[in-house]
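Please open the model in your viewer and keep the selection tool at hand.

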Amino acid sequence: MTLRPDQTVVTRFVPNGSRVLDLGCGHGSLMRHLMDRRGCTGTGVEIDPDAVVDAIGKGVPLIELDIDRELDQFGDKSYDVVILSRVLQATYKPRDVLTEMARIGSRCIVSVPNFGYWRHRWVLMRGRMPMSRELPHAWYDTPNIHLSTLADLEDLFDVVGLDVWERRLSNPDGRQRHYPARWANVMAANAIYVLTPRS
Amino acid sequence: MTSRPQSAEDSVGIVEQCTVRLFEGERPLVLASGAVLAEVDVAYETYGTLNDTRDNAIFICHALTGDAHAAGLHRDDDHRPGWWDTMIGPGKPIDTDRFFVIADNLLGGCQGTTGPASTDPATGRPYGLDFPLLQIADFVTVHRALLAHLGVEQLLSVVGGSMGGMQALQWALSFPEQVGSAVIIAASSRLNAQNIAFSAVARESIMRDPGFAGGRYLEVGTSPDTGLSIARMMAHITYQSEAGMNQKFGRRFQFGEDARRGFGVDFAVESYLDHQGRVFLSRFDALSYLYLTRVMDYFDPFADDDAAAALAEVGSPCLVLSFDSDWRFDTSHSRAIVRELERQRVPVSFREIRSPWGHDSFLLTIDDYHRTVAAFLRRVAEERPAKETRR
């Protein structure tokens, strides 16, 4: 089972044996990996029926629900780690989703494509909506309805009470890169945030 | 979307029902309430083959008015297969090519297992209302006794819909080490006032029928047929959805194109309910109906705050399913079960399946539903050897 590059990075921030909630877990590969390699327990959340059946078939406990409306299913501080990997931009209410994550998890991991990436800015300057490996859909046919730049996103983290504990940036291939802090919002194609709820 | 595939290839074929006396003499059945039943017979059927390691058994728990005949046919000319024939058989989600499937008739029932209409050995008369009140835990006690009789110690899974789901849940909570996994479909861990109200009206219609004779109708030679059939007609309405009934019957007239305009059967749906009510009389006992509905009313396994602690410890996975058009036990009931199990750290999966057919969907062939159960059971079976070596 191969993980996406961003998922591989995510696993580094999941302590062995922790209880993990993977929101938008897709076919359950990341969760299965964490269960097998890291002795983790936990639950995946997904809404696509084919992915749901696949994950259940992998032995991943899977709760089918709508992340936008139904995260109240989970109790306060009931998970060590809550992961939202490449999902935030497809939610209707990113602010509510992040608030719920902060309530449920002791640690939150959020991975996102950066709309402030220089190529996107360039395409926009030429008067077109950007399309890229991270954002491969035409503007009229995309699940990604809430795109943000890293600067915007970090403002929102602050508003919902999530402190940035670690930020990992990567290029379009998903390879990690160390961009200077002030250039991150221009240079990074993707970012992974490790966040801790402000107590 | 729904169909009943009945080709010979995917049926378990001709099956035989067995009856065994599981409790008698020195070993009576002591119920959760402390009451004692001196003798208990249980009707059951099995499908598929128990493997050498005796670890491929799946137990099927039936709903309120079900029976031990879960799959296959009793005779060649049987026109109705077992009640879960869509689910159980070669290549079906509960695959009899791989699994050894056990189904019995519930304690308190009337289709081969001891119930209130059975003869009380102490008096030589039918128990009637002297039959003790039952709890879901008592069903599990009897299921387990049947397993012991069959020489099966461990289950791969316990599976049930509606009241069968309650038994599966209870079993997993009480004896998690015996239950490798549980599939809980269209069930509830706690009936709400509306659920109880429906059952209350059903019971009232039975008990107020003059033929009920204070529960002594079997001795008196009467029968609360009117009450029982009305109870069934009403229950039938709650098992279906508005959309499903509209699709099946609409406002069609039963006889020709015109309304007769009377108080008899005029619309097609009335004819259907009338038929269901009548058919029910030939196969179900009014006292069983009272006792079994009452069991559900009192079921509340999560009243104890750490009810799932033992199950969480063992880590047997549970699959909880609901149907979006089910209003008898709507999705909120299943979600409540999931919330409790998940809170107590039981590995639990949940889906709300789309279906227009209401509560009865759990008996039908719905692709998304069947493939989910199949995927879950396949995985549970695959993980079994790994679990053994870890121990």
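Helices (H or I, at least four residues) and strands (E, at least two) are DSSP runs, numbered from the N terminus. This is a predicted model, in which local features need pLDDT of at least 70 and side-chain atom pairs count only at pLDDT 80 or more, while totals for chains, interfaces and linings use all residues. Residues are numbered from 1 along each chain as its sequence is written, chains are lettered from A and ligands numbered from 1 in the order in which they are written, and side-chain values use heavy atoms, with hydrogens and water left out.

**First stop: the cavity**

Select α1 (5-11), β6 (162-170) and β8 (190-197) of chain A, each of which supplies at least two residues of the lining of the largest cavity. On a 1 Å grid over the protein atoms alone, a cavity is a set of points where a 1.4 Å probe fits but cannot get out, a pocket is an open set with protein on both sides within 12 Å along at least five of seven lines, and lining residues have an atom within 4 Å of a point. Grid points are joined across faces, edges and corners, and a volume is the space filled by probe spheres set on the points. The structure holds one cavity of 30 Å³ or more, and the volume of the largest cavity is about 50 Å³. Its lining residues include A:Asp6, A:Val9, A:Arg168, A:Asn190 and A:Ile192.

Now move to the largest pocket, which holds about 1500 Å³ of space. Of the 49 residues that line this pocket, the closest to its centre are B:Arg80, B:Trp83, B:Arg232, B:Arg283 and B:Leu363, which can be selected together. Colour domain 1 (3-190 + 300-390) and domain 2 (197-293) of chain B separately: both give residues to the lining of the largest pocket, so the pocket lies between them. These domain bounds come from an automatic or database domain assignment.

**Last stop: chain B as a whole**

Finally, select chain B, whose secondary structure comes to eleven helices and 14 strands. Taken along the principal axes, its C-alpha atoms fill a box of roughly 70 × 50 × 45 Å. Of the 391 residues of chain B, 55% count as buried, meaning under 20% relative accessible area with a 1.4 Å probe and protein chains only.

Methods: Buried means under 20% relative accessible area, exposed over 50%, partly exposed in between (1.4 Å probe, protein chains only).
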